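Hi,

Here is the structure I promised to pass on.

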Amino acid sequence: VCSSDLSRTLYLARTQAKASQQVGAVFQRVSAESQTDVHAQAEQANPSDGAADAAHGRLEFEPVTDTSLLGVCVLVVNDEPGNLQVVQGMLETVGATVGTAQSGEMALTMLRQGEPRYDVVLMDLQMDGMDGLETTRQIRADSLAEVREVPVLAMTGKLMDREREKTAKAGMNGFLSKPISMVGMVREIQRVLAPRADGQTS
């Protein structure tokens with residue numbers, strides 16, 4: 001069940017991740033390529049802000065385990081059922097609770113329902129009908145604060161400067177490059193959720 005108390009669930013996730021690490025993480029084989037990909041995504045997400053990039057590099061992450069996203073509620077938006085299943089399976093493996101939407105319109109409806117309350121949205125950019133950019137614009141313009149303020153991460157192939165600018169203008173908080181890596185996905189989600197958790201604990 002998705003919790004509305006994000007700070008508590010993230011604290012629980014970190015605590016249990018440490019305990020899990022003592023008995024063995026489920027993802028011990030993190031390749032050098034995956035680690036490089038994580039840093040590359042962080043740099044691309046904020047290409048003009050060297051200070052922000054450096055700060056991101058100093059964040060301390062726990063190893064990715066089956067509790068890394070415990071208590072975090074994620075909405076995955078993609079019009080390809082097969083892609084939805086793959087990403088949902090990856091997220092559930094690391095403890096997340098996952099909702100899926102096969103269109104932008106469906107995603108907006110699910111967010112506005114308010115129960116469960118989603119902590120982050122993974123949004124495919126290329127969708128028939130309302131694409132990921134337009135869906136994000138409507139999220140940012142919504143009358144409900146819990147919808148308007150939800151972090152949105154783009155899921156896309158190689159993101160060129162022009163596309164990166166479009167995602168930023170639409171209000172997206174970052175992106176996940178395809179093929180999506182487990183480590184990169186978990187750490188990018190943790191990155192965008194960290195300020196929200198800090199805000200609730202301050």
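**Starting from Val-74**

Val-74 is part of strand β1. Keep in mind as you read that this is a predicted model.

Is Val-74 buried or exposed? Its relative accessibility is 0%, so Val-74 counts as buried. Leaving aside residues up to four places away in sequence, Val-74 touches Leu-91, Ala-96, Thr-97, Val-98, Gly-99, Tyr-118, Val-120 and Leu-122. Val-120 sits 46 residues from Val-74 along the chain, yet their C-alpha atoms are separated by 5.2 Å.

Five of its five residues are buried, so β1 is largely enclosed by the rest of the structure. Cys-73, Leu-75 and Val-77 are on one side of the strand, Val-74 and Val-76 are on the other, and both faces are covered.

**How the strands line up**

Which strands pair with β1? One is β2 (97-101), running parallel to β1 and joined to it by five bridges. Here Val-74 stands opposite Val-98. To get from β1 to β2, the chain passes through helix α4 (residues 81-93), and this β-α-β crossover is right-handed.

Another partner is β3 (120-124), which pairs with β1 in the parallel sense over four bridges. On that strand, Val-120 is the bridge partner of Val-74.

Moving on from β3, there is parallel pairing with β4 (152-156), again over four bridges. Leu-122 is opposite Leu-153 of β4 in this pair. β4 is mostly covered, with five of its five residues buried. Val-152, Ala-154 and Thr-156 point one way from the strand, while Leu-153 and Met-155 point the other way.

β4 in turn is joined to β5 (174-177) by four bridges, and these two strands run parallel. Leu-153 has Gly-174 as its bridge partner in β5. With helix α8 (residues 161-170), β4 and β5 form a right-handed β-α-β unit.

**What is packed inside**

The largest nonpolar core has 25 residues. Val-76, Leu-91, Leu-122, Met-185 and Ile-189 are the ones with the most contacts inside it. At least two residues come from each of β1, α4, β3, β4 and α9. Which element gives the largest share of this core? That is α9 (182-201), with seven residues.

Not counting residues up to four places away in sequence, Met-185 touches Val-87, Met-90, Leu-91, Leu-122, Leu-176 and Ile-180. Apart from this core lies another, of 24 residues, and Ala-101, Ala-107, Val-121 and Met-172 are among them.

**Helix α5 and what follows it**

Ala-107 also turns up in α5 (104-113), where the buried residues are Gly-104, Ala-107, Leu-108, Met-110 and Leu-111. Why do they end up on the same side of α5? They cover an arc of only 165° around the axis, which puts them on the same side of the helix. Among the elements covering these buried residues are β1, β2, β3, α6 (132-140) and α7 (145-148).

Just after α5, Gly-114 has a positive phi of about 80°. Next comes a cis peptide bond between Glu-115 and Pro-116, with omega about 5°. Pro-116 is in the loop between α5 and β3.

Pro-179 belongs to the loop between β5 and α9. For context, most peptide bonds are trans, and most residues other than glycine have a negative phi.

**Where to be careful**

The mean pLDDT of the protein is 77, and 66% of its residues reach 70 or more. Over residues 17-59 the pLDDT is below 50. Beyond near neighbours in sequence, that stretch still has 44 contacts in the model. Where pLDDT is low, though, the predicted coordinates should not be read in detail.

Which element has the lowest mean pLDDT, and which the highest? Helix α3 (residues 50-57) is the lowest, at 37, while strand β1, where these notes began, is the highest, at 98.

Cheers

Terms used
Residues numbered from 1 in each chain as written. Predicted model: local features only at pLDDT ≥ 70, side-chain atom pairs only at ≥ 80, totals over all residues. Heavy atoms only, no water. pLDDT = per-residue confidence, 0-100. Contact = heavy atoms within 4.5 Å. Buried < 20%, exposed > 50% of the residue type's maximum accessible area, 1.4 Å probe, protein only. Arc of directions from axis to C-beta. Pairing = 2+ DSSP bridges. Right-handed = clockwise from strand over helix to strand, strands pointing away. Core = buried A, V, L, I, M, F, W, Y, C linked by side-chain atoms within 4.5 Å.
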